[in-house]
Amino acid sequence: MSRKPKLYYFNGRGKMESIRWLLAAAGVEFEEEFLETRDQYEKLLQDGSLLFQQVPMVEIDGMRMVQTRAILSYIAAKYNLYGKDLKERALIDMYVGGTEDLMGFILMFPFLSAEDKEKQRAFIVQKATSRYFPAYEKVLKDHGQDFLVGNNFSWADVHLLEAILMVEEKKSDVLSGFPQLQAFKARISSIPTIKKFLEPGSQRKPVPDDKYVETVRRVLRMYYDLKAN
């Protein structure tokens, strides 16, 4: 296996994007193999690489890891982005869990019909501004530090910045009522590894397009229609 982590997924965001973000934040170079055909996916199934018959899958440190949360937890712990003690780790898990809930509303957005996309866009913005962003605004204000947990950069910060940028793609001024989050976004975006990942030419993936949607549908044989919340 390659010494660099190797990521197996589609050439697009999906569940792998948070893994890309976390590796990039840690300053870790990684390789990618993009799934473009059903045969590629079938081969991974047949050779036993996909424990639960699904991607993302990451080869790292001699392991073939599946389950996104397990992969992220391992990377965070390995690269000191998981707090200094059990209490900080619990807070990071709590904040990451909240952010994952918000990001979950966005994950299937590209697969919706045009009509359902407009409904889901409004739903995403409503949830972000009424439930999730107020919570993180309060955490940052009460905490009084540059980062969400302790005073150290962690997985929770990476995940929240990713979520903020995703929601801003749905409504560009969504942070207008959240000064703490505006400052947080500016701080975290200026961290050298994050700044590099946000620059053109990085392995960060663009907003999913029709080609990405068609590839995922073809490889995973997704023939049903998805509905908005």
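Tutor: Let us start with a term: buried area is the accessible area (1.4 Å probe) that two parts lose on being put together, summed over both. This is a predicted model, in which local features need pLDDT of at least 70 and side-chain atom pairs count only at pLDDT 80 or more, while totals for chains, interfaces and linings use all residues. Residues are numbered from 1 along each chain as its sequence is written, and side-chain values use heavy atoms, with hydrogens and water left out.

Student: OK, which domains does the assignment give?

Tutor: The assignment gives domain 1 (6-79 + 198-220) and domain 2 (86-191), with bounds that come from an automatic or database domain assignment. Their C-alpha centres lie 22 Å apart, and the contact (heavy atoms within 4.5 Å) takes 21 residues from domain 1 and 19 residues from domain 2.

Student: And what is the area buried between domain 1 and domain 2?

Tutor: About 1600 Å² is buried between domain 1 and domain 2, and carbon and sulfur atoms give 67% of that area.

Student: How many salt bridges are there between domain 1 and domain 2?

Tutor: The count is three, where a salt bridge is a side-chain nitrogen of Lys or Arg within 4 Å of a carboxyl oxygen of Asp or Glu. The side chains of Arg69 and Asp93 also meet in a salt bridge, at 3.5 Å from N to O.

Student: Which elements give two or more residues to the side of domain 1 that touches domain 2?

Tutor: Those elements are α1 (17-25), α3 (68-78) and α9 (210-220); helices (H or I, at least four residues) and strands (E, at least two) are DSSP runs, numbered from the N terminus.

Student: Changing topic, where does Pro56 lie?

Tutor: Pro56 lies in the loop between α2 (38-46) and β3 (57-60), and the peptide bond from Val55 to Pro56 is cis, with omega near 15°. Gln53 is also placed in the loop between α2 and β3, and Gln53 has a positive phi of about 60° although it is not a glycine.

Student: Why point those out?

Tutor: Because most residues other than glycine have a negative phi, and most peptide bonds are trans.

Student: Last one: what does UniProt list for residues 3-83?

Tutor: An unreviewed UniProt entry lists "domain: GST N-terminal" for residues 3-83; positions follow the numbering used here, feature names are shortened, and annotations may be inferred rather than shown by experiment. That span is 36% helix and 20% strand.
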